[in-house]
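Trainee: Could we go through this model together, beginning with the terms and then moving to particular positions?

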Amino acid sequence: MTPAPVTNVVIVGGGTAGWMAAAALAHVMGKLPGFSVTLVESEAIGTVGVGEATIPQIIGYNRMLGIDEMEFMRETRATYKLGIEFVDWLRPGHSYVHPFGSYGLDMLGIDFQHFWIRGSAIGDETPVDAYSIAAMAGKAGKFDWPRPNTKSPMAKLAYAFQFDAARYARFLRARAEADGVTRVEGRVVEVEQNGESGVVTGIKLDSGQTIEGELFIDCSGFRSLLLGQALEVPFKDWSDWLPCDSAVAVPCTLGGKHEPLTRSTARPAGWQWRIPLQHRLGNGHVFSSQHMSREDATDLLLANLDGQPLADPNQLSFTAGHRARAWEKNVVALGLAAGFLEPLESTSIHLVQSGIARLLSLFPDTSFGATEIARFNEETDREYADIRDFLVLHYNASERDDSEFWRYCRNLELPEGLREKLEMFRSSGRIFRENNELFTEASWLAVMSGQGVHPERYHPVAGLLDEAETLERLRHIREVIAHTVEQLPTQDAFLQQRGGAV
Ligand code: FAD
């Protein structure tokens with residue numbers, strides 16, 4: 001007999017992860033007869049209260065839910081994000097952009113970076129930013145939607161959002177509740193398990209109520225109530241590679257320029273983020289507590305704000321890494337309950353989203369097949385490892401040696417995959433994207449070149465053009481991009497015109 005599909009889902013936690021999961025499950029699975037989603041959250045406990053910058057994949061999530069982009073921009077006070085500007089990461093005084101989308105224009109069927117590498121070998125030292133429409137538009141404070149399948153450089157633009165995370169959770173909650181999700185206010189005080197199998201059967205609240213379910217989604221944040229605490233799935237600790245373990249966050253009034261870019265500025269024991277929203281700036285200082293005290297980290301943050309603080313600093317602690325298995329028995333963890341890699345490349349909300357997508361495609365029946373669970377865990381592990389490698393690159397490939405922290409990072413023993421990628425790029429300028437990994441060739445190019453990794457050679461096809469023609473073509477691409485950027489509206493004008501401004 002075919003096992004019955006799971007129809008009773010309980011989500012523990014109503015932060016970004018919980019409400020993203022609730023909205024998606026209700027929208028996609030809600031058509032199954034008898035399907036129900038219950039979400040339990042505790043206002044007294046609250047949410048982590050940070051998490052404002054995203055990557056382009058979020059557009060896919062919003063579209064899946066049929067969200068109108070301008071309504072979303074208004075409701076969440078969102079701005080556009082065309083990439084991340086890294087300031088002082090290579091050395092003080094230097095900056096580069098990790099833009100979304102890709103570089104250059106199509107040339108002779110090989111990756112653009114080979115022409116750029118050849119250009120620098122023959123004397124054109126223009127940084128690669130000049131060949132990215134997203135980087136140049138971002139720096140100019142401009143924005144427009146991409147124009148796919150055209151010859152315009154705008155075909156190479158991709159974008160994401162910066163938003164108020166609390167507002168996003170509320171926005172999704174309204175949609176989820178409209179789609180039938182039941183919200184229960186209360187604190188989970190006990191996780192009930194089957195004595196023999198250990199399968200979770202229900203959660204008990206402080207009110208005495210027990211909520212039973214077939215599938216439990218643990219979105220309880222760093223507490224990891226079900227996966228970590230009840231099922232005791234161990235945590236893979238990656239803090240040797242990513243030593244930042246603390247953060248202090250504070251919003252402030254809008255000040256300075258607010259381009260459609262997240263800014264990350266390197267500091268002596270970590271880095272500071274600056275995220276411009278429509279109504280305020282989000283700021284935070286991520287640091288290693290081994291290398292700086294909380295007081296000093298907070299003072300440094302407050303001394304480097306572009307506006308007036310709007311709240312008391314929010315202190316956070318974490319360990320880089322993830323649970324060894326994100327899915328165990330009938331519990332799937334999403335968000336901080338599953339793991340956390342620091343927010344340097346704004347990947348956490350994406351990890352929630354990809355976990356949801358994976359869960360939807362491997363959605364279990366009541367027999368909870370081992371193959372599906374193994375597949376889910378394998379893909380999740382790979383995704384965390386890929387992101388870890390990309391993050392480690394930023395710290396390791398730096399020339400900074402002005403503090404103990406940076407000396408530690410420069411001398412790290414690299415994960416094998418990252419070491420291979422770096423060797424390949426250094427020796428031949430080639431970049432390979434393996435297993436459909438999250439970060440594209442363009443992302444690796446941006447950060448490797450931005451962090452001063454210089455290739456020794458380039459693809460032979462890039463040597464077919466003579467020197468003058470190579471230089472001329474590079475100049476032409478820069479001009480086309482610069483000209484296109486000039487024609488774009490400012491982000492503010494775009495939001496006003498399209499109805500996305502508050
Ligand atoms: P939380 O927001 O902590 O939510 C946990 C939920 O569980 C809450 O509703 C809480 O009430 C509930 N809960 C806990 N215990 C109980 C209980 N006993 N009973 C009932 N309910 C309970 N991500 C990005 O993508 N971009 C960023 O720029 C970014 N910046 C970040 C900066 C920092 C310093 C940190 C720490 C994280 C950042 N993140 C970022 C990550 C992002 O904040 C999270 O991935 C995202 O908010 C999801 O959090 P969550 O929902 O898993 O957890």
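Mentor: Helices here are DSSP runs of H or I with at least four residues, strands are runs of E with at least two, and both are numbered from the N terminus. Please keep in mind that this is a predicted model.

Trainee: Where does Glu345 lie, then?

Mentor: Glu345 is in the loop that runs between strand E21 (339-340) and H9. UniProt, in an unreviewed entry, lists Glu345 under "binding site".

Trainee: Is Glu345 buried or exposed?

Mentor: Glu345 counts as buried because 22 C-beta neighbours lie inside 10 Å, and the threshold for that class is 20 or more. Leaving out residues up to four places away in sequence, Glu345 touches Phe390 and Leu391.

Trainee: Which strand holds Lys81?

Mentor: Lys81 belongs to strand E3, residues 79-81. The "binding site" annotation in the unreviewed UniProt entry covers Lys81. With 28 C-beta neighbours inside 10 Å, Lys81 counts as buried. Beyond residues up to four places away in sequence, its contacts include Ala53, Thr54, Tyr159 and Pro260.

Trainee: Changing topic, in what order do the six strands of the open sheet come?

Mentor: The order is E7-E2-E1-E11-E20-E19, with mixed pairing. Strand E7 (182-185) and strand E19 (327-328) are the edges, each pairing on one side only.

Trainee: In what sense do E1 and E11 pair, parallel or antiparallel?

Mentor: Strand E1 (residues 8-12) and strand E11 (residues 215-218) are parallel, with four bridges between them. Within this pair, Ile11 is opposite Ile217 of E11.

Trainee: And what does Gly18 touch?

Mentor: Gly18 touches Ile11, Gly13, Leu39, Glu41 and Cys219, when residues up to four places away in sequence are not counted. Gly18 sits in helix H1.

Trainee: Why is Gly18 called buried?

Mentor: Gly18 is buried because 30 other C-beta atoms are found within 10 Å.

Trainee: Which residues come nearest to the ligand?

Mentor: Gly13, Gly15, Gly51, Gly221 and Gly335 come nearest, out of 40 residues around the ligand. Helix H1 (16-29), strand E2 (36-41), strand E13 (246-252) and helix H9 (348-361) each contribute at least two residues to the shell.

Trainee: How many residues of that shell are charged?

Mentor: Four are charged, while 20 are nonpolar and 16 are polar.

Trainee: How many residues lie between E8 and E9 in their hairpin?

Mentor: Six residues separate E8 and E9, and Gly198 in the turn has a positive phi of about 80 degrees. Strand E8 (residues 188-193) runs antiparallel to strand E9 (residues 200-205), and five bridges join them. Val188 has Leu205 in E9 as its bridge partner.

Trainee: Lastly, where is Pro146 placed?

Mentor: Pro146 is found in the loop between helix H5 (133-139) and strand E6 (160-162). Pro146 counts as partly exposed, because it has 19 C-beta neighbours inside 10 Å. Apart from neighbours within four places in sequence, Pro146 is in contact with Met154, Ala155, Leu157 and Ala158. Its C-alpha atom is separated by 22 Å from that of Ile275, which is 129 residues away along the chain.

Technical notes
Residues numbered from 1 in each chain as written. Predicted model: local features only at pLDDT ≥ 70, side-chain atom pairs only at ≥ 80, totals over all residues. Pairing = 2+ DSSP bridges. Near = placed C-beta within 6 Å. Nonpolar A, V, L, I, M, F, W, Y, C, P; charged D, E, K, R; others polar. Buried ≥ 20, exposed ≤ 12 C-beta atoms within 10 Å, placed from the backbone. Contact = placed C-beta atoms within 7 Å. UniProt positions renumbered as here; feature names shortened; annotations may be inferred.
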